[in-house]
Amino acid sequence: LRSGKPFTTCHEWESKALDYLLHTVHPDVVIVSFHPGPTVPDHPAFDAISQRALADGMVQYWRQLSDAGAYIVGIKPTPDPKLNVPDCLSSRHGSVDTCSVPRSKAVHPTTAIDTAVQALGPGKATEINLDDYICGPDECRPVVGNVVVYRDEKHLTRTYSMTLAPYLQRALLAIPALQT
């Protein structure tokens, strides 16, 4: 809601993008990403209920794409350290250890992406999860292999993203719809 009125700009853009994909592009594969955070007007808490509502909205669009022959690939949102990593590292007491966060705090257990992929079903959608390349089994460290992972609170640095490219490529190439 903005100024007490429903915020419809996203829906308008999504509708135009869907129309363009269905009637101009005719894609074989659509790759989707989404960072958790938005909630829905009826349920402002960020939890499984709001993520389910967002997923339901995604599935409405994805079904139309799937019915037109497109395969959906959802990229699971990156873990969220819930702190500005560069600010933490550059602070007076900042270090790799003090700026690390428990994996259980950073990794999103349920997101709209994984819920929507499950709802669309096998043979129509796949989720790619790179969490294990970003976080260790117990914690998410701000520096991995001498590379700073985040450029702010939730966005990966370009350099760290490049280190993930081979893993993302391998996951994409394993998807039957992308094999030619």
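Which element of the protein chain has the lowest mean pLDDT, and which has the highest? Helix H2 (residues 48–67) has the lowest, at 89, while strand E3 has the highest, at 98. Here pLDDT is the predictor's confidence in each residue, on a scale from 0 to 100. Helices (H or I, at least four residues) and strands (E, at least two) are DSSP runs, numbered from the N terminus.

This is a predicted model, in which local features need pLDDT of at least 70 and side-chain atom pairs count only at pLDDT 80 or more, while totals for chains, interfaces and linings use all residues. Residues are numbered from 1 along each chain as its sequence is written, and side-chain values use heavy atoms, with hydrogens and water left out. Over the protein chain the average pLDDT is 90, and 91% of the residues score at least 70.

**Helix H7**

Let's start with helix H7, which covers residues 158–173. The expected span of a helix is 1.5 Å times one less than its number of residues. For the 16 residues of H7 that gives 22 Å, and the end C-alpha atoms are 22 Å apart, so the two values agree. There is still a bend of about 40° at Leu-164, with the proline Pro-166 following within four residues. The bend at a residue is the angle between axes fitted to the seven residues ending there and the seven starting there.

Which residues of H7 are buried? They are Tyr-160, Leu-164 and Leu-172. Buried means under 20% relative accessible area, exposed means over 50%, and partly exposed lies in between (1.4 Å probe, protein chains only). The cover over these residues includes strands E1 (29–33), E2 (71–75) and E4 (125–128), along with helix H6 (131–134). Strands E6 (143–144) and E7 (147–148) are also included in that cover.

**Two nonpolar cores**

A nonpolar core is a set of buried Ala, Val, Leu, Ile, Met, Phe, Trp, Tyr and Cys residues joined through side-chain atoms within 4.5 Å. The largest one has 21 residues, and those with the most contacts inside it are Val-73, Ile-128, Ile-134, Leu-156 and Tyr-160. E2 and H7 each supply at least two residues of this core. A second, separate core has 18 residues, including Met-58, Leu-65, Ile-72 and Ala-116.

A closer look at Leu-156 shows some of its surroundings. Contact means heavy atoms within 4.5 Å. Leaving aside neighbours within four places in sequence, Leu-156 is in contact with Thr-78, Ile-134, Val-149, Tyr-150, Arg-151, Ser-161 and Leu-164.

Ile-72 belongs to strand E2, and it counts as buried because its relative accessibility is 0%. Not counting residues up to four places away in sequence, Ile-72 touches Val-30, Val-32, Trp-62, Leu-65, Leu-120, Lys-124, Ala-125 and Thr-126. Ile-72 and Val-30 are 42 residues apart along the chain, yet their C-alpha atoms are separated by 5.0 Å.

Is Asp-131 buried or exposed? Asp-131 counts as buried because its relative accessibility is 3%. This residue sits in helix H6. With residues up to four places away in sequence left out, Asp-131 touches Lys-76, Pro-77, Pro-79, Arg-103 and Val-107.

**The disulfides**

A disulfide is a covalent bond between the sulfur atoms of two cysteines. In this model a disulfide is a pair of cysteine sulfur atoms within 2.5 Å, and by this rule the count comes to two.

| Disulfide | S to S distance |
|---|---|
| Cys-88 to Cys-99 | 2.0 Å |
| Cys-135 to Cys-140 | 1.8 Å |

The link of Cys-88 and Cys-99 is left-handed, with -100° about the S-S bond. Cys-88 is in helix H3 (residues 85–90) and Cys-99 in the loop between H3 and strand E3 (101–102), eleven residues apart. Cys-88 counts as buried because its relative accessibility is 16%, and Cys-99 counts as buried because its value is 2%.

For Cys-135 and Cys-140 the torsion about the S-S bond is about 100°, so this disulfide is right-handed. Cys-135 and Cys-140 are both buried. With the bonded cysteines numbered in sequence order, the pairing is 1-2, 3-4.

**Positive phi angles**

Most residues other than glycine have a negative phi. His-26, in the loop between helix H1 (9–25) and E1, has a positive phi near 55°. Asn-146, in the loop between E6 and E7, has a positive phi near 65°. Asn-146 counts as exposed because its relative accessibility is 79%.
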